[in-house]
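This report examines the fold of one protein and then the setting of a single residue within it. Please keep the sequence and the structure in view while reading.

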Amino acid sequence: MIKRREYEYKEKVYSTSVNPDGQKQLFLQWELSKDLDEYHKCRMDWGITLMGYSEKKTKEGRQAQGNLEIKSNAVLIFDKEDAWMKSGFRAFIRHFYDKFVDEQANDHLEKDLRRDLEFFFQQIKTYLGLK
């Protein structure tokens, strides 16, 4: 799913713990990034927390019951190498260009990023068997 959409994947955190009462905690943090063109890059940050869960085996496999929280954030980076931010004048020119000249292309990139974010969210929900 990630390779098909050409995202680079980095697992920043994978942490599990067990409370004294036997309930488990799981925390995952992922970063997905993709170069869009020579100037633009997009990045998605995902945090998945499963709190106070217990596992049991069923005919279908293992099932977990607990509280699930999924957080996501998507960012479109307009100057991926910071080439335009080295001076105030160049930063102004780049901002002007993005805002007034290349606005439609940027809108298209933002829509694609939102679509990818929703796609990944749906994939996570499907994998976890959520509706």
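How many bridges join strand β2 to β3? In this predicted model, strand β2 (residues 24–35) is joined to β3 by 11 bridges, and the two strands run antiparallel. Glutamate 31 has aspartate 45 in β3 as its bridge partner.

## Overall fold

The protein has four strands and two helices. Along the sequence these elements follow the pattern β-β-β-β-α-α.

Of the 131 residues, 24% count as buried. The accessible surface is about 9,700 Å², and carbon and sulfur atoms contribute 50% of that area. Among contacts with a separation of 6 or more, 51% are between residues 24 or more positions apart.

## The sheet

The four strands form an open sheet in the order β1-β2-β3-β4, with antiparallel pairing. Strands β1 (8–18) and β4 (61–77) are the edge strands, and each of them pairs on one side only. From one strand to the next, the twist averages 15°.

## Methionine 44

Methionine 44 lies in strand β3, which spans residues 41–58. Is this residue buried or exposed? Methionine 44 counts as buried because its relative accessibility is 0%, and buried means under 20%.

Beyond its neighbours within four places in sequence, methionine 44 is in contact with several residues, including Tyr7, Glu31, Leu32, Ala74, Leu113 and Phe120. Trp30 is also one of its contacts. Methionine 44 and tryptophan 30 are 14 residues apart in sequence, and their C-alpha atoms are 8.1 Å apart in space.

Technical notes. Residues numbered from 1 in each chain as written. Predicted model: local features only at pLDDT ≥ 70, side-chain atom pairs only at ≥ 80, totals over all residues. Heavy atoms only, no water. Buried < 20%, exposed > 50% of the residue type's maximum accessible area, 1.4 Å probe, protein only. Contact = heavy atoms within 4.5 Å. Areas by Shrake-Rupley, 256 points an atom, 1.4 Å probe, with all protein chains shown as cover. Pairing = 2+ DSSP bridges. Axes fitted to C-alpha atoms, helices over the stretch in contact; angles between N-to-C directions.
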